[in-house]
Structures are given as structure tokens and as C-alpha cells.
Amino acid sequence: MDPKNAEHYHRASLRVVFSLLTIWFMISFGCGILFRDWLDANFPTIGTAPFGFWMAQQGSIFCFVVLLIVYALLMGRLDSTYGYNEEKEPTQ
Amino acid sequence: MSQDTLNFIFIGLSFVLYITIAIRSRAGSTKEYYTAGGGVSAFANGMATAADWMSAATFISMAGTVAISGYDGARFLMGWTGGFVLLTVLMVPYLRKFGKATVPDFIGDRYYSKWARGVAVICAIFICMTYIMGQMRGVGVVFSQLFGISIPAGVLIGAAIVFFYAGLGGMKGITYTQVAQYCVMAFSYTIPAIFIAMALTGNVIPQLGLIGNYTAGGEAVPLLEKLNQINTELGFSEFTSGKLSKINMFCITAALMCGTAGLPHVIVRFFTVKNVSAVRKSAAWTLAFIAVIYLTAPAIGAFSRINLTQTLHGTAYAEAPDWLKEFEATGQMAWVDKNGDGNIQYFGPDRSPVKTSSVFLGKAPEYPDYDTPERQRIGASGERLLANKADDSNPNELWFGNDIMVMANPHMAGLPMWVIALLMAGCIAAALSTAAGLLLVLSTSISHDLMKKIVKPDLTDKEEVGYARFTSFAALVVAAYFGINPPSAFIAKTVAFAFGLAASSFFPTLLIGIFSKRMNKEGAIAGMLCGITFTIGYIVYFQFLGGKKENYLFGITPEGIGFVGMLINFAVAFAVSKFTPAPPQEVQEMVATIHIPSGAGEASNH
């Protein structure tokens, strides 16, 4: 294992994790709790539900699923770029 | 055919399915007992993990919480699903790469110390026990409803069944059994919701019904507006605006999220797939499967709130539907005719001058003995009388446990009998699956991490499995006791305590262990001890020793205190590690290697 390669991979993976977690925080704590009243008042309703309420009870969950799919894809791509992909290598 | 017969047929069929699967894949060696040989596909593992997740708390209690508390119910919805995101991106791939089957194992090796391992085992025991207590309560509620018996008797029957297949099948049995259980749960949860959504809103999809119009009452009104109107009329706070303070809501949600990421029984699940990349896929599948149920729960909560008030409020008891009497018989609903008019009145705190809505004095309903004269047991309208004194400070006459909402829901909506029978089978699957998974982790912690790694290293495989089974049994006895005498009146709250404990102990220790090379054993041990001691102390003080609400720290309830405990853990760990020597070179190298996904070792060979 090439230590320099590993170091780069490590940094890149942390970047993915941090950006996803920032979105995660904005969606759940941001939209669902902290800014919820403001969103209820100023954002268009989803169907007949106030935006903040909908984010807290439905929207955030949708977004979480999407986040995890994106995570699996991005990390899979990183693995291939840095040569850590195990799926395509022949098994010994 | 009666409802009872149909219930038993559905449950019987589902059990035949689970047990067949469990027996066909009975565990062989120790390694298989723990991680099912490491070769389960991402899709199947995702489903099984989702079943593990969908505990009694989720399945039975969550929709009820939403029904009662409206917006505030989002703390559970977001907490448990959002925590899964944390778990996936921060923990599981790295732990999987590290390749140890249990969390105390990782902590013991990463912090190169028997003491760290020992403290981790103790934390695991506390977390799992609290969690199983909640599950046993759920098991009790379901069985009591099924047989029309009291909750304690239901708990005992459930405990016997859990022991049977957790001990017998091991993880392999459980993995495939849980795939089957997930399917039963998903169908039984969504089908009643679809029926009710059609009846109330004309929408087939419950999630659309929630954001659609309420059409059952003639002209179409937005459903949530209708709920707000009902709530305000009856003296409750608006459905879409919560009662919890922002800081409390924040802390509870955060504690649930971080707790999720530190829950040992879920982490261990991901050792059953073949490599790190499969772990990530498996986690995405799991959350998708979980979301099916979690997105339905708020809809069920809202619908059942409407149905409950409309079928019961203002109805004469004599004309009330039969299910009310069934729930009365098992002690999960009660009606006290305060004004003696024979009608059921259901009111919230705003209808009372002193802002109370309790129906009777005391925490839970108590009943006169069976040998007391009939007029003391049966009231003027035929209702079951309580031994508790009525609380005359408010006009509310209807009491019910939050945990019955999901089970009462199809009854309230008048759904066909087979739907109710299916739901019962789902409830039982939910309650049993998590309890079984937890027992496994608990018994592994003791037999493997405590006995084999610390107390008696020369333990044979056979003895180890023996210890594991014995511990399962002991744990169940304790859990059954607390299932009968629960620390909190409703399941989701008891379970929230378990998450608080996990958040304050494992989450920070694992996180720093994975991402920091500098953290040493002294810091980790001190952090875990301070975090969990503070959290347990706070919960015990306010939950059992009669601490007053006014004394809450920043107004944070015991459910949310795990978040503060977690901050304490982080702070203590960093402070202590600063003044103590850095960990040995090989540990630092190990931390570097767990960030590289390839070569995840052992469990990758099937």
C-alpha cells in the first residue's frame, strides 16, 4: 500500500463525509427544528402542509435516503480512483 | 370466523415461516453464531437490519407519539433516521474494515487496554438492557391485546418466545428470519394506512393523504388544518406546532441521532456483509427500507388522531364501539364518567383552569380486586371502574396508553378483520426481532468480551456459546421484570433513554477512536465513564427519584440529556488525553489503516 496514495484517499473521503454531513445538518436540525417557524411562514406549502412541518416529518427522511445513496456512489468512485475497489479485482 | 381466530391464524403462519428459516440455518461454529459467516448480500442484510431497527418502539409507539404530540413526534422520526446517516458515514465502514465482531472488541483493541474493554462492556450492558426493557414492554402490550390478558402476563409469554429463537438460531437464523419479518412488518404497517387514507382523504398513498385534503366530512378541508381545528376545539395545542422548547427538541433529536450511531446491536449487523463497499450499499438499502415505515408513521398518527376524536368524543359509552371495551379489559384504556352524563368527553389541558388533563389520580389505572362487589367494578353505563380517584380539576374523561394507537387504529377505522390480523402479526414480528438482536449482542458482550477476553482467556468455543446462552436467559429475566415495571409509561420514551446512554458513551469514544490518532486509553476511559455516569444519574434522578421539572438543566428532559452527556464525554476525553502520553505507534498505524477500505479481512471470505 502506497502511503501517499492512502493519505490522499483519506483526505478525499473526509471531504465527502463533511460535505454530506453539512447537508444532513441543514436538512434535519436546520429545516426541521431551528428555522422551522420561519420556513413555515415564508416557504410555499407542500400540498397543504407547512414547509417546516413537512420537512420535519417527511422531507428530511427522503433526503436522508438520497444522502446515503450519494455517499455509496461517491465513495465507490473514490475507491476506484485510488485503486481500492475490491469488486472488480479477481478474487484470489 | 372471529377476529381472535383470524389473528392466531396469521400469527401462526408467520411463526411457522420464521421458525422454519431459523431451524434450516441453525448456527454451527462460534464464528457463525456471531456474524453468520460473513456472507449475506447487501440487499438481504439491508432488510434484516431494517427489521432490527423496526423495534416495538418504532412500530407500536411512534405513530401514537405523533398522534398525541403532532409536530413534536418529529424528534423520533428524524432522530432515528438521521442517526442512521451518521452511523453510515462516520462509523460502520471503518469498524467493518477493522473487522472485530463487537463494539467492546474494537474499543479494547483501539485503546489497547483491558480496562477500556471492560468499561465498554458495562456500557453495552446498560444500553442493551434499557433497550430490551422497552421491547419487552412492547411485547407485553401486543400479547396482552392478543389474548385479552394483562400486560405482565403478556410480557412473560413474549419473553419465553424471544429466548427460544435468539438462543437457538444465532445470528444466521436471525438474519434470514429478519428478512421475512421485515416483509411482514412492512405490509402490516402500510396496508391499514392505505385503507384509512382512502377513507379519510380519498388518496391511496398515505403520505399524500397527510398533505392532502380531508374529504370524509363532506366538503374538502386541508387535513392538517382539520387536525389543528380539532385539537384547539378540544383544548390541545395545535397539531402542527409543538409543545417542546426548541432547545429540548434539538437535544432529544441529537441524542437519538448520536445514540443510533452508537447502538451496538445495529453496528454488529454490518459485519455480516462481505466488504466495505457492500457495507455502504447495505446501509443505503437499510435506510430505504426503514423509510417505508417511517414515512407512513406520521400519516398513521394524523389519521388515528382524527378517528379517535371522532369515534369517541361525545359518544355515549353504551353506544361506543366494542374495541373500547376490549382495551378497557386489558387496562389500556379507561373512561371515568366525571359528569355522570354517560357520554365520553375527551379534552386537553386548555379546557381546564389549572391546565391539567389527567383523568384519574396516580400514574397508571388500578382496578378493584375481582372479589369486590360488582357495583364497585362495573359503572352505571357498564364501564370498567377504576380503583383510582377521579381527577376533578379538569373535564377530560378518556385515558389511553399511547402505545395502543397503532393497534387500535384499524379498529377505529372499521377495517376488515384480516387487516387487523395482519397488523397483529406485524406487531409481534417487530417486538420479537429487536429483542432477539439485542439479546445476541448482550450475550456476546458478556461471553466474548468479558469472559473470554478479560476473565478467562482459555475458554473453549463451546463454553463461550454456553455462557452466551446463559446470559441471554438472565438478561431476559431482568428485562421482563422491567417490562412489567417500566421506567417510563410509554415505550418510545424508555427506548429514548437507551439511545441517550449510547450517545453519551459509545458514540464519542468510537468517533474519536476512528478519526484521531492521538486519543489514548486514559482519555477514552475517563470520557466514557463521565458521559454515561452523568446521563444515567440524570435519568435516574428525574425518572425514579422524583426530581422536579423546574430543576431540569436548561429545561432539557431526561430523553435529551444524552446529548449533554455526549458533550461531556468529548470534553473529558480530550482534556485527559492532553495530559497523558500518546498511544503506542502500532495503534496509531492501525487508525491509519482503517480508513483504507480494501482488504477488510476475515469476514470477507465466505
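In the predicted model described here, the side chains of Glu559(B) and Arg75(B) come together in a salt bridge with an N to O separation of 3.5 Å, a salt bridge being defined as a side-chain nitrogen of Lys or Arg within 4 Å of a carboxyl oxygen of Asp or Glu. This pair connects distant parts of the chain, 484 residues apart, with Glu559(B) placed in the loop between helix 20 (521-543) and helix 21 (561-578) of chain B and Arg75(B) in helix 5 (residues 74-98) of chain B; helices (H or I, at least four residues) are DSSP runs numbered from the N terminus. Glu559(B) is buried, at a relative accessible area of 7%, and Arg75(B) is likewise buried, at 7%, where buried means under 20% relative accessible area, exposed over 50%, and partly exposed in between (1.4 Å probe, protein chains only).

As this is a predicted model, local features need pLDDT of at least 70 and side-chain atom pairs count only at pLDDT 80 or more, whereas totals for chains, interfaces and linings use all residues. Residues are numbered from 1 along each chain as its sequence is written, chains are lettered from A and ligands numbered from 1 in the order in which they are written, and side-chain values use heavy atoms, with hydrogens and water left out.

Over all chains, the count of salt bridges comes to seven. In chain A, Arg11(A) pairs with Glu7(A), the closest N and O atoms being 3.7 Å apart, and both residues belong to helix 1 (residues 3-34) of chain A, where they are four residues apart, about one turn of the helix. Glu7(A) is partly exposed, with a relative accessible area of 36%. A salt bridge also joins the side chains of Arg36(A) and Asp37(A) (3.9 Å, N to O); Arg36(A) is buried at 6% relative accessibility, whereas Asp37(A) is partly exposed at 45%. These two residues and Lys246(B) are linked in a network of salt bridges.

Turning to nonpolar residues, the largest nonpolar core holds 219 residues, of which Trp80(B), Phe84(B), Met91(B) and Ile107(B) touch the most other members; such a core is a set of buried Ala, Val, Leu, Ile, Met, Phe, Trp, Tyr and Cys residues joined through side-chain atoms within 4.5 Å. Its largest share, 19 residues, is supplied by helix 13 (residues 276-312) of chain B. Apart from this core lies another, of five residues, among them Ala334(B), Val336(B), Val359(B) and Leu386(B).

Methods: Helix = DSSP H or I, 4+ residues; strand = E, 2+ residues; numbered from the N terminus.
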